[in-house]
Amino acid sequence: MTREKPFTLVKSYKPFHSKFDPCPPIGRKYYRTPPNLYINFQPPNLEQFTPEEALKYGTLWKFFYDFYDNPHRERET
């Protein structure tokens, strides 16, 4: 029985750390993959942003928009 992992746009990996490496291990690294990697063709009649919103979001189609939160920016509390 194989367990399928749930689909997510956020992926992670653990860099190799040798037992002879004098530096401490880095830990897990995370990265995002864009939604357009998981579609083979563009279906017809996709919902679209307005032209002003498309310039703001960087894409015309709502399906291809993926919010990116900069992990290095200080969060407002």
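Visitor: Is Phe64 buried or exposed?
Guide: This is a predicted model, in which local features need pLDDT of at least 70, side-chain atom pairs count only at pLDDT 80 or more, and totals for chains, interfaces and linings use all residues. Residues are numbered from 1 along each chain as its sequence is written, and side-chain values use heavy atoms, with hydrogens and water left out. Buried means under 20% relative accessible area, exposed over 50%, partly exposed in between (1.4 Å probe, protein chains only). Phe64 has a relative accessible area of 18%, so Phe64 is buried.

Visitor: How many aromatic pairs does the structure hold?
Guide: Rings of Phe, Tyr and Trp (its six-membered ring) pair if their centres lie within 6.5 Å. Planes under 30 degrees apart count as stacked, over 60 as edge-to-face and the rest as tilted. The number of aromatic pairs in the structure is six.

Visitor: Which class of pair do Phe49 and Tyr57 make?
Guide: Their ring centres are 4.6 Å apart. The planes of Phe49 and Tyr57 stand at 35°, so the pair is tilted.

Visitor: Which class do Trp61 and Phe64 fall into?
Guide: The ring centres of Trp61 and Phe64 lie 6.2 Å apart. Their planes are at 90°, so this pair is edge-to-face.

Visitor: Why does Trp61 count as partly exposed?
Guide: The partly exposed class lies between the buried and exposed limits. Trp61 falls there because its relative accessibility is 24%.

Visitor: Which residues is Thr59 in contact with, leaving aside neighbours within four places in sequence?
Guide: Thr59 sits in the segment after helix 1 (51–57); helices (H or I, at least four residues) and strands (E, at least two) are DSSP runs, numbered from the N terminus. At 15% relative accessibility, Thr59 counts as buried. Contact means heavy atoms within 4.5 Å. The residues are Phe49, Ala54, Phe64 and Tyr65.

Visitor: How far is a polar atom of the Thr59 side chain from the backbone nitrogen of Trp61?
Guide: The two atoms belong to the side chain of Thr59 and the backbone of Trp61. Their separation is 3.5 Å.

Visitor: What pattern does the protein chain follow along the sequence?
Guide: The protein chain has one helix and two strands. Read along the sequence, the pattern is β-β-α.

Visitor: What share of the 77 residues is buried?
Guide: The count covers the protein chain, with its 77 residues. Buried residues make up 9%.

Definitions and conventions:
A polar contact is a pair of N or O atoms within 3.5 Å; within protein, one must be able to donate a hydrogen and the other to accept it, and residues adjacent in sequence count only if both atoms are side-chain atoms.
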